[in-house]
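User: I want to learn how to read salt bridges in a model. Please take me through them step by step.

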Amino acid sequence: MVLGGGRHHDSRREARSIAHGGTMESHRDDLPWKVTSPTALLTLLLGSFMLFLSVRTAMDPLGAAQGFGLPISSADAVPWLRVKSGRDLGIALALFGLVATRQRRAAGVFVLACTVMPVVDALTTWSHGASPALALGVHGSAAVYCLVLAPALLLRSGLRLRRHASPRSGSLVAPDHRDGLHRT
């Protein structure tokens, strides 16, 4: 038996897929999400922005706090800003990893779950003295970006329906039956 993806491993995966009523390809969630697709590029843009925020916070924590919308001027808050820097770095690396492994739907779930962060950030900054314009402009726009990107990642295969080959059936099916959804 070969470790890490040999022939024996592949045949077990195929058998498991067929046993659950699918075809040999239906178990794959990473089908064809190209790195150059609009959703992948928008996901990479989000990851790049999170990486920028992480580096900026690590290099200039007090300046980053001002841009974030928190009126912090004390060095006592720097450890908490490092926590934020680590959070942003983790998000960036997760997004890069999901695009690199072409896990479009997982990226959609991740982005949707992460939407809570800018919402909490907006409420936190607003309740600590930031203007509504700053709270909504900085953090609200991030939440909107996530709420637009997540469905695009999650629903992409469902949006491209095509007519079934049978001229008399007129039924709609998902492309290549990959997601197992049949619409009649």
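Analyst: We will go through the salt bridges, then turn to a lysine in a loop. Keep in mind that this is a predicted model.

User: What is the general idea behind a salt bridge?

Analyst: Side chains of opposite charge can pair when their charged atoms come close. The cut-off used here is 4 Å between a side-chain nitrogen of Lys or Arg and a carboxyl oxygen of Asp or Glu.

User: How many salt bridges does the count come to by this rule?

Analyst: The count comes to three.

User: Where do Asp-88 and Lys-84 lie?

Analyst: Both are in helix H4, residues 78-100. They sit four residues apart, about one turn of the helix.

User: Are Asp-88 and Lys-84 buried or exposed?

Analyst: Both are buried. Asp-88 has a relative accessible area of 1%. It counts as buried because the limit is under 20%.

User: Which residue forms a salt bridge with Asp-88 at 3.5 Å?

Analyst: Arg-87 does, with 3.5 Å between the closest N and O atoms. Arg-87 is partly exposed, at 29% relative accessible area. That value falls between the 20% and 50% cut-offs, so the label is "partly exposed".

User: Which residue forms a salt bridge with Arg-87 at 3.0 Å?

Analyst: Asp-121 does, and 3.0 Å separates the closest N and O atoms. Asp-121 lies in helix H6 (residues 116-127) and Arg-87 in helix H4, so this pair ties together parts 34 residues apart in sequence. Asp-121 counts as buried, with 11% relative accessibility.

User: What do salt bridges that share partners do here?

Analyst: They join Lys-84, Arg-87, Asp-88 and Asp-121 into one network.

User: Now the loop. Where does Lys-34 lie?

Analyst: Lys-34 is in the loop between helix H1 (7-19) and helix H2 (38-59).

User: Why is Lys-34 called exposed?

Analyst: Its relative accessible area is 56%. Exposed means over 50%, so Lys-34 qualifies.

User: What is Lys-34 in contact with, leaving aside neighbours within four places in sequence?

Analyst: Ala-40 and Arg-102.

User: How far apart are Lys-34 and Arg-104 in sequence and in space?

Analyst: They are 70 residues apart in sequence. In space, the distance is 9.4 Å, C-alpha to C-alpha.

Methods: Residues are numbered from 1 along each chain as its sequence is written. This is a predicted model: local features need pLDDT of at least 70, side-chain atom pairs count only at pLDDT 80 or more; totals for chains, interfaces and linings use all residues. Side-chain values use heavy atoms; hydrogens and water are left out. Helices (H or I, at least four residues) and strands (E, at least two) are DSSP runs, numbered from the N terminus. Buried means under 20% relative accessible area, exposed over 50%, partly exposed in between (1.4 Å probe, protein chains only). Contact means heavy atoms within 4.5 Å.
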